[in-house]
Structure formats: C-alpha cells, structure tokens
Number of protein chains: 2
Amino acid sequence: MIFKIRKVQMVYRIGLLISGLLFFVHSHAQVNEDFDFDTDNAALDIIGFGSLPALSERASTNFGDATLVFRYAILLTNAWYDATAAYHPTAVGVYSHLGRRPAHEATNRNINIAVMYASLRVLNSFLPTYKQTWRELFIDVGLDPDDNSTDLTTPIGLGNVAGNAVVAGRINDGLNELGNEGREFNPLPYSDYTGYKPVNTAYKLRNPSRWQPDLQRQGLGLYKIQQFVTPQFALVEPYSYDDPRQFYMPPPRNSKFRNRRAYRQQADEVLLASANLTDAQKVKAELFDDKFRSLSFSVSTNTDVRNLSLLEFIQFDFLVNIATFDSGIFVWQEKYRYDAVRPFSAIHKLYRNRLVEAWGGPGKGTVHLPGNEWESYLEEADHPEYPSATTCFCYAHAQAARQFFGDDDMVYALTIGAGRSRIEPGITPAEDTLISYSTWTDFAEECGQSRVWAGVHFQAAVDESAAVCPVFGDLAYEYMSSLVDGSAALRPPSKGRPVNTLPR
Amino acid sequence: MIFKIRKVQMVYRIGLLISGLLFFVHSHAQVNEDFDFDTDNAALDIIGFGSLPALSERASTNFGDATLVFRYAILLTNAWYDATAAYHPTAVGVYSHLGRRPAHEATNRNINIAVMYASLRVLNSFLPTYKQTWRELFIDVGLDPDDNSTDLTTPIGLGNVAGNAVVAGRINDGLNELGNEGREFNPLPYSDYTGYKPVNTAYKLRNPSRWQPDLQRQGLGLYKIQQFVTPQFALVEPYSYDDPRQFYMPPPRNSKFRNRRAYRQQADEVLLASANLTDAQKVKAELFDDKFRSLSFSVSTNTDVRNLSLLEFIQFDFLVNIATFDSGIFVWQEKYRYDAVRPFSAIHKLYRNRLVEAWGGPGKGTVHLPGNEWESYLEEADHPEYPSATTCFCYAHAQAARQFFGDDDMVYALTIGAGRSRIEPGITPAEDTLISYSTWTDFAEECGQSRVWAGVHFQAAVDESAAVCPVFGDLAYEYMSSLVDGSAALRPPSKGRPVNTLPR
C-alpha cells in the first residue's frame with residue numbers, strides 16, 4: 001500500500017485544517033456573522049459555540065468526562081460573572097472586586113465585551129494550543145485580541161483583569177492543571193498525584209467489591225485500560241463550602257461481596273433494567289451522559305422562558321456550575337473512599353458463562369447471553385462506581401435552579417430524531433422521541449435513574465446521590481447570594497488540600 | 001456554561017460532517033476531478049487517498065500502530081493483485097485463480113476498474129461504517145457501487161470475485177477481525193484471545209526485566225493505560241512461510257535486570273542518544289514512526305523512478321506488504337515470548353530522582369532532570385520492546401525491494417519544513433530539513449537507528465531485527481515469484497493457529 005507523498009501531504013494538510021481551523025472557521029462563521037453586541041449573548045453565541053468543538057476534541061468527545069468538562073465550565077462562568085459584577089448594583093466577584101460602574105453603563109454591549117475578554121484570558125490558559133482560534137473569534141466580531149487594557153472604567157479592562165484573576169485564583173487549586181505536581185520536567189496536566197492504584201486489574205477481579213478498570217475499545221481495534229480520571233478532584237478547593245470532609249455517604253454495603261445476597265440482588269436489578277430497556281430509556285441514558293445536552297440545555301431553555309436579563313443569565317449559569325463543580329469534589333472524595341465495583345465486573349463474576357437475559361449489544365435487542373459477555377448500554381466513565389456522579393450533578397443543579405427561581409417549574413423539551421442514537425445509530429429510537437420535563441424534580445429523577453438503565457450504576461449509588469446532593473444546590477445558592485449582595489469576601493488564590501487529608 | 005440546543009445540534013452536525021463526510025468530500029474531490037482511467041493509478045489516486053483518512057480516524061492517527069495499518073495494507077494490496085492477475089501472461093492470485101484475459105484487454109482502464117471493485121469488497125468488510133464514503137468515491141469517478149457482477153470476462157467481475165475471495169480468505173486468519181473469538185455477543189474486534197497479561201502494572205514495576213504498560217495522556221487530561229495491541233498477531237497465517245516458529249531471536253540478555261551492568265549500560269545508551277538528539281534525528285524518528293510516510297513514500301517514489309507499469313507497481317506494492325506483514329507475525333511472536341522492558345521503565349527504575357542528562361521534553365532541549373521524569377521523544381507503541389518491529393519492517397521491506405529491482409539503488413528525498421515536527425511544532429526542525437537516501441541499505445539502517453534516538457528501543461532490539469529480518473524480504477519475493485509465474489497453489493481460506501502453539 002503506498003501513496004504518493006504529494007497526496008499524503010495533502011491529506012495531512014486537510015486533516016490539520018479539519019481539526020485545527022476549518023472546524024472553527026465553519027462554526028464561528030455561522031455564529032458570528034449576525035452577532036449583535038446590543039441584543040445577543042456573547043457568552044453563549046460566541047464563546048460557548050466557538051470553544052465547544054475544541055473541548056470536544058481535546059477533552060471528551062461526548063462530554064461525558066465530568067471533571068474536565070466542568071473545569072472548563074466553572075472557569076468560564078466564573079470569569080463571566082466576575083467581569084460583569086461591576087455592572088450590577090451590589091455584586092462583587094469571587095477573585096476580583098473591581099468597583100462599581102454607573103447604571104447607564106450596564107448595557108448588553110458592555111457586558112458582552114467584558115464577557116469576551118474575560119473568556120479570552122481563561123481560554124488562553126485552559127486550552128492554550130487553540131490561541132489562534134480564539135484570536136479569530138475576536139477578529140470576526142470586530143474585537144482586538146491584543147487589547148490587554150487593565151483600565152477598570154472600560155469593559156475590556158474589567159474582562160481582562162477579572163479573567164486573569166480567575167485564572168490565577170484556580171490554576172493551583174489542586175486539580176493539577178499545570179501538571180507540575182511532584183515533577184518539574186515533562187509536565188502531566190491533570191495527572192493523579194495522590195498515588196491512586198486500583199486493587200483490581202483489567203485482567204483479574206481480585207476483590208469483587210472494588211473498582212476494576214475496564215478494557216475499552218478505541219476506534220477500530222485498539223484497546224486501552226481505564227485510569228481513575230483526576231482522583232485529586234477530591235482535593236480541589238470548593239466555592240461554596242470549606243471542606244468536603246464535612247459531607248459523607250454511607251458505604252455501598254450491597255457492593256460488598258461478602259453480602260452475597262444483596263450483591264447478587266443489585267446486580268440482578270441492573271440486568272433486569274438491561275433486559276427491559278426501551279427506546280426512550282436508551283436515548284435518555286445517552287442524553288444525561290452528555291453534560292452539555294442535558295445540563296446546558298436546561299439552563300438555556302429556562303433562561304429564555306424566565307426572560308432573564310444578561311446579568312441574571314450570567315448569575316444563573318455560574319450558580320448551577322458552582323453547584324455541580326462543588327458537588328463533584330464531594331463525589332470524588334466518596335468515590336476515592338469507597339472505590340466500589342461497577343456492574344459489569346459484578347455481573348461477569350456472578351454469572352460467568354451462565355446465561356442471563358439482557359440487552360445483547362447494539363441492534364441485538366434483548367437476548368439470552370453468557371453473563372461474562374454482558375456489556376452495559378453506555379461505556380462506564382473512568383472512575384469507581386459509588387456514588388453516581390451524574391445523579392449528584394443533576395440533583396445539585398436542580399436544587400440550585402429551584403432556589404434561583406423560587407419554584408420547581410421548568411421547561412425542557414428535546415426531540416431525538418428516529419435513528420439518532422449514538423449507541424444504536426440508524427436503529428434507535430424507532431420513531432422520533434420527545435424528551436420533556438415540566439419540573440426540576442422530574443428532570444433530576446430521570447437523570448439519576450438513567451444511570452441504572454445505562455447499566456453503569458447500581459440503584460444505591462443513584463439513591464444516595466439523590467438523597468445527599470441537593471445540599472450542594474443550596475450551598476451554591478447561599479454563596480451566590482453573598483456574591484450578589486456584595487457581602488462575600490475577596491477569595492485568595494486557592495491551593496488544594498494536601499494529599500494526606502484524603503479520607504480512605 | 002450553557003448553549004442553546006439549536007446551536008449545540010449545529011455543532012454536532014458539523015462534527016459529523018467533518019469526521020464522516022466533509023473530510024472525504026474534500027479529499028476525494030481533489031483527487032478524482034481529473035482522474036483518468038487510461039493513464040492514472042486508481043489504487044493510489046482513488047482508493048489510497050480516499051480511504052487513508054478513515055484509517056487515520058478509526059485506527060491510528062499517526063499510522064504508528066503497525067498491526068491495524070498493515071492489516072489494511074495487506075488486504076488492499078492482495079485484492080489489487082488477485083483482481084488483476086488475469087491481465088498478466090502467467091500470474092495467479094492468492095485466494096482466487098480467475099483464468100486469463102487476452103493481452104489486448106490488459107489496459108490500464110481495465111486494471112484500474114478491477115482494482116476499484118476489489119477495493120470496494122475489502123473496504124466494506126474492513127471499515128464497514130464508511131460504506132457511504134466508498135459509494136461516493138465510486139460515484140465521483142462514474143462507477144456503479146451497486147454493480148455486483150461476477151462475470152469473469154469483465155474487470156468488474158474480476159474485481160468483485162477477487163476482492164470477496166481475499167475477504168473470505170483472511171477474515172478468520174487469527175487476527176480476530178470479527179471480534180468473535182471466544183464470544184458470541186458484544187464482539188470485540190481485534191481483541192486479544194490469547195489471555196496475555198502483563199506482569200507489571202502501569203503503577204508498579206514488579207519485574208524490571210519485563211514489559212510495563214505505560215500510562216499515556218490522551219488529549220487534555222485523560223490518561224489511559226496501554227494494552228498489548230493484538231498479541232494474537234503472532235498466530236496469524238503468514239503468506240510466505242508456514243510457521244513463524246521456524247524463526248527465532250536470541251533472548252534480550254541486556255534487559256535481564258540480574259545482568260546489572262549490561263542493563264544499566266543499554267539504558268545509558270538510550271539516555272546518551274536522548275541527550276544528543278539533533279533536529280534531523282527528531283524528524284527522522286517521527287518519519288519512521290509513521291508507516292505511510294516512510295514505507296509508502298519509498299514505494300511510490302521508486303515506482304516512478306523505475307517506470308513501473310501498473311501491473312508491476314501492483315506486484316511491487318503487494319510484495320513489500322507481504323514482507324512487512326509476515327515479518328510482523330514473527331516479531332509479535334518474539335515480543336510475546338520475551339515480553340521485554342521498555343527504556344522508560346528501566347531508566348525510571350535505575351535513576352529514580354537522581355539527575356540524568358537527556359532531552360527534557362518538547363522545546364526544552366537537553367537538560368539535567370530526575371531520572372524518573374525522563375520521557376522518550378516518541379510515545380512508546382502498545383507492545384513489549386524486543387525486538388524492534390519498525391526495524392524489522394524496514395529491513396524486510398528493503399530486502400524485498402532489492403530482490404524486486406535486482407540492486408540496492410533507491411531514491412528517497414523528503415523535505416520537512418521548519419517547525420513541522422509533530423512533537424515540537426513550531427520549533428523543530430529549526431530549518432527546512434531534507435531527508436534523503438540513495439540505497440535501501442541506508443534507508444533501513446536509519447529507520448532502525450531512529451528507534452533508539454526516539455528512546456523507545458534499546459540498541460539490541462534494533463540490531464537483532466536488522467540481522468534477522470531481511471529473510472522476510474527474501475521469502476516474500478520467493479512467494480511473489482511463484483504467484484507471478486503461476487506455480488503457486490490456490491490458498492484455502494486461512495485459519496490462525498491455536499493459542500497453545502504460542503511459544504513463551
């Protein structure tokens with residue numbers, strides 16, 4: 001097999017264009033051509049839309065990897081909030097207190113410009129290899145990406161100063177974003193520095209109560225073994241409370257192999273759900289696995305429905321992101337503590353080559369298959385099972401929204417076209433399927449339950465997250481209230497906790 | 001962070017276009033608009049150019065994963081050869097003997113058409129999710145992708161029958177392409193069925209003589225652990241010899257930790273090479289890591305230089321691919337047998353936090369760094385160290401070419417533009433760098449040595465491959481000669497060897 005080099009180089013060039021430039025030329029051109037600073041929302045229409053493809057490409061194709069996705073979201077929403085606090089009558093920022101601008105300056109135009117420059121500072125730090133892309137986003141809407149003004153009487157200065165302060169505030173917060181924890185050379189951004197080691201290998205389940213990294217297929221025929229993603233997220237400084245050790249979940253007793261009956265019963269519950277999977281459950285499982293399509297869509301829709309102003313939208317978006325980010329820190333602490341087994345390991349262990357009734361793989365429907373050939377509908381995320389992170393995020397998010405709006409009403413309606421499933425493309429759903437919710441309560445409940453349908457969680461992991469995690473919505477709202485009324489103290493640059501404070 | 005769903009869906013749609021369609025619309029449009037069946041080469045200009053991006057996307061971005069890349073290449077080149085044998089005065093195919101067409105039918109047009117249909121059968125089997133892409137390649141050059149004719153008096157019939165025979169001949173050859181070895185449900189294509197387990201984990205080097213899977217960064221901050229890619233490649237049926245157990249390499253004695261002095265010495269050689277890395281060595285290391293830019297370019301350039309006819313080109317391309325594929329089967333046998341440590345593990349083990357002089361990471365040049373922070377210039381491929389697969393491929397390829405042409409002359413000249421390094425983009429090489437060779441011997445020697453420069457191999461792994469692997473060029477040439485003179489027997493569909501014949 002050969003190719004003339006001229007052509008191979010052409011393929012390379014095209015590949016580079018596709019992944020680096022063309023993608024963005026396409027996407028932001030479509031967004032920006034009619035962007036209006038006086039009436040539109042730069043946070044959503046330019047920054048969000050323009051940077052999402054880079055995040056997908058560099059972090060997580062399906063936005064299923066929570067820590068990196070929420071890192072991106074919290075940095076941006078924090079920067080938006082801090083950069084625009086001066087346009088609010090009383091609000092102060094988290095990492096900068098930049099004074100107060102007169103009311104007549106609190107225009108959408110100024111707010112949008114401040115948001116743009118604050119975003120630029122965050123994006124250049126968080127996704128530095130895309131600097132050229134961010135420049136183009138700016139040039140396309142007539143802004144100067146080289147304007148480094150720190151004049152706090154202008155939206156550009158407010159954006160720059162606030163954005164840089166957010167970067168400085170969070171860069172050493174314990175997530176190891178720079179990759180320099182414990183090493184000077186060859187940095188390993190976001191790598192574990194806690195020394196986490198799974199007790200099981202992908203090849204052998206030595207301890208059936210504990211997490212087993214899975215061997216997962218990548219593309220055509222490469223297989224890679226999971227690694228607990230950012231275990232040190234448990235050590236990151238939260239926004240809305242002091243120390244995650246003040247929260248606690250009971251142990252996952254049913255995941256203890258010595259509790260044989262309970263161990264088998266919770267595995268059988270997952271098999272039963274797998275055998276009874278409906279098209280609606282499949283597409284909901286996929287929806288809630290994607291943190292943007294689920295939690296972002298709920299915010300944007302309800303921002304519209306409630307007619308939020310630009311400043312209110314920025315508060316709301318930052319609020320729900322504080323709730324999810326801070327709940328995630330707690331969830332990682334508990335995942336680290338319990339290091340619990342996923343359903344696939346338990347089912348393979350319990351049933352080996354005995355037949356079970358379950359979903360039989362993409363397009364196969366419900367079949368009888370050997371227990372050790374069972375797979376969950378969704379691939380498991382890169383962390384131990386208990387508690388359910390997705391459930392916790394949804395409950396924290398829902399409670400924050402309820403607090404913000406003062407009631408449980410919400411609007412959510414998304415139609416999944418026939419055959420648009422990611423797992424069973426062309427097959428599922430058989431017909432266009434409407435996913436709709438009218439209360440935050442229903443939304444969060446189905447979000448949580450979808451993790452059992454998907455086969456990636458036992459029921460207890462969902463139930464315990466549902467019980468505990470609304471508190472993170474309350475705490476986020478309390479903290480946000482103190483920011484908005486101006487009573488919050490300026491926060492010093494954060495430093496994560498030392499490793500030896502990690503509970504095990 | 002939120003995005004209006006309308007826009008998120010637009011991003012998804014664009015993403016889909018990019019990865020699935022637009023890429024090919026772009027690439028094959030550029031290729032096909034002026035394609036001439038009477039004078040051009042469909043194998044290169046349409047099939048190669050049109051399917052390479054899919055391979056990159058689904059198998060191996062940098063074409064560094066040998067087994068899947070060579071699988072693709074051997075299936076296509078075999079199909080091209082078998083489909084056109086009837087146009088040669090004496091040749092017979094490997095998996096089909098389709099008679100003889102009169103000399104006046106042996107036109108470039110007929111040969112190109114046979115190549116196209118043979119390729120379609122292979123591609124639909126090997127990369128089935130891209131069927132729509134292959135259809136478009138056909139439609140663009142005015143061929144009917146639905147023509148399933150088996151009329152052996154026509155190039156379409158020859159292509160279809162030969163292509164299908166190659167697929168049938170190879171689909172169960174031991175590589176587990178269908179993923180159904182040992183399981184009926186949830187197939188795992190190309191997954192290991194030999195039960196290979198590394199003795200070391202990514203977290204702990206229990207046995208410093210043996211292979212340790214590395215923890216490798218993917219994108220922004222996900223880390224995954226290597227898995228020996230297709231260990232069962234050792235069990236696949238070769239083309240040019242009966243059983244890889246007739247070949248053998250001596251044990252990697254210097255990799256035995258008990259041979260302390262030798263163990264340290266070979267590690268120090270790698271460090272010395274790392275400390276003295278030149279720009280030319282860096283870009284050569286990257287070149288030879290990419291099996292298309294190195295081994296494909298050598299074939300296409302020398303096809304032109306030697307003025308090969310279309311049938312001769314097809315023979316030559318199939319020949320060198322038999323040489324590399326069959327040498328790979330042997331290399332995998334030895335890698336499986338010895339399961340030898342990579343330099344990174346040995347260097348981390350030997351030096352821990354003591355300073356060594358070496359390359360300090362992208363853009364850092366030569367520094368003094370703690371031994372356990374050292375990284376190889378290239379990331380290690382997903383298999384044990386000894387022997388060097390790349391070296392073996394290059395020596396087998398070079399020897400096959402020497403046999404085919406009857407001399408050692410070759411033309412190879414490729415300029416790497418300033419800053420075009422993949423590892424040190426924008427920095428390396430400092431100036432445009434010409435890589436050129438005038439003999440196959442020099443080409444193979446630098447190919448092998450580049451694995452030490454890259455820090456992924458010890459010298460012995462290169463030297464032993466260099467000593468043994470030319471034989472696979474000889475054997476491939478012998479087999480090809482028997483095909484071309486018509487004496488080769490029709491080969492029955494292959495079945496890999498049983499697992500218990502794997503030497504350890």
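This report describes selected features of a predicted model with chains A and B.

## Confidence of the prediction

For the complex, the predictor reports an ipTM of 0.88 together with a pTM of 0.90. The average pLDDT of chain A is 91, and 92% of its residues score at least 70. Residues 1-31 of chain A, however, have a pLDDT below 50, although this stretch makes 67 contacts in the model beyond near neighbours in sequence. Where pLDDT is low, the predicted coordinates should not be read in detail.

## Two crossing helices in chain B

In chain B, helix α4 (residues 108-126) and helix α6 (residues 155-170) have axes that come within 7 Å and cross at roughly 35°, and the crossing is right-handed. The residues that α4(B) brings to this contact include B:Ile113, B:Met116, B:Tyr117, B:Leu120 and B:Arg121, while those from α6(B) include B:Ile156, B:Leu158, B:Gly159, B:Ala162 and B:Val166. Sorted by class, the contact between α4(B) and α6(B) comprises 14 nonpolar, 7 polar and 1 charged residues.

## Buried helices

In chain B, helix α11 (residues 343-351) is mostly covered, with 7 of its 9 residues buried. These buried residues are B:Pro343, B:Phe344, B:Ser345, B:Ala346, B:Ile347, B:His348 and B:Tyr351, and they pack against α7 and β3 (355-359) of chain B. Just after α11(B) comes B:Arg352, whose phi is positive at about 40°.

## A hairpin in chain A

Strands β3 (residues 355-359) and β4 (residues 366-370) of chain A run antiparallel and are joined by 5 bridges, one of which pairs A:Trp359 with A:Thr366 in β4(A). The hairpin has 6 residues between its strands, and in it A:Gly361 takes a positive phi near 110°.

## Loops and backbone geometry

In chain A, the bond from A:Tyr386 to A:Pro387 is cis with omega near -5°, and A:Pro387 is placed in the loop between β4 and α12 of chain A. In chain B, the cis bond joins B:Thr428 to B:Pro429 with omega about -10°, and B:Pro429 belongs to the loop between β5 (409-416) and β6 (433-439) of chain B.

A:Asn176, in the loop between α6 (155-170) and β1 (215-218) of chain A, has a positive phi near 65° although it is not a glycine. A:Asn176 is classed as buried because 25 other C-beta atoms lie within 10 Å, where 20 or more are required. B:Asn176, in the loop between α6 and β1 (215-218) of chain B, likewise has a positive phi of about 65°, and B:Asn176 counts as buried because it has 25 C-beta neighbours inside 10 Å.

## The surroundings of B:Lys256

B:Lys256 is situated in the loop between β2 (222-225) and α7 (260-275) of chain B. Because B:Lys256 has 16 C-beta neighbours inside 10 Å, it counts as partly exposed. Apart from neighbours within four places in sequence, B:Lys256 is in contact with B:Ser209 and B:Tyr263. B:Ser209 is 47 residues from B:Lys256 in sequence, yet the C-alpha atoms of the two residues are 4.9 Å apart in space.

Key: Residues are numbered from 1 along each chain as its sequence is written. Chains are lettered from A and ligands numbered from 1 in the order in which they are written. This is a predicted model: local features need pLDDT of at least 70, side-chain atom pairs count only at pLDDT 80 or more; totals for chains, interfaces and linings use all residues. Axes are lines fitted to C-alpha atoms, for helices over the stretch in contact, and angles run from 0 to 180 degrees between N-to-C directions. Helices (H or I, at least four residues) and strands (E, at least two) are DSSP runs, numbered from the N terminus. A crossing is left-handed if the near helix is turned anticlockwise from the far one by less than a right angle, and right-handed if clockwise. Two residues are in contact if their C-beta atoms, placed from the backbone, lie within 7 Å. Ala, Val, Leu, Ile, Met, Phe, Trp, Tyr, Cys and Pro count as nonpolar, Asp, Glu, Lys and Arg as charged, and the others, Gly among them, as polar. Two strands pair if DSSP finds at least two bridges between them. A residue is buried if 20 or more other C-beta atoms lie within 10 Å of its own, exposed if 12 or fewer, and partly exposed in between; C-beta atoms are placed from the backbone. pLDDT is the predictor's confidence in each residue, from 0 to 100.
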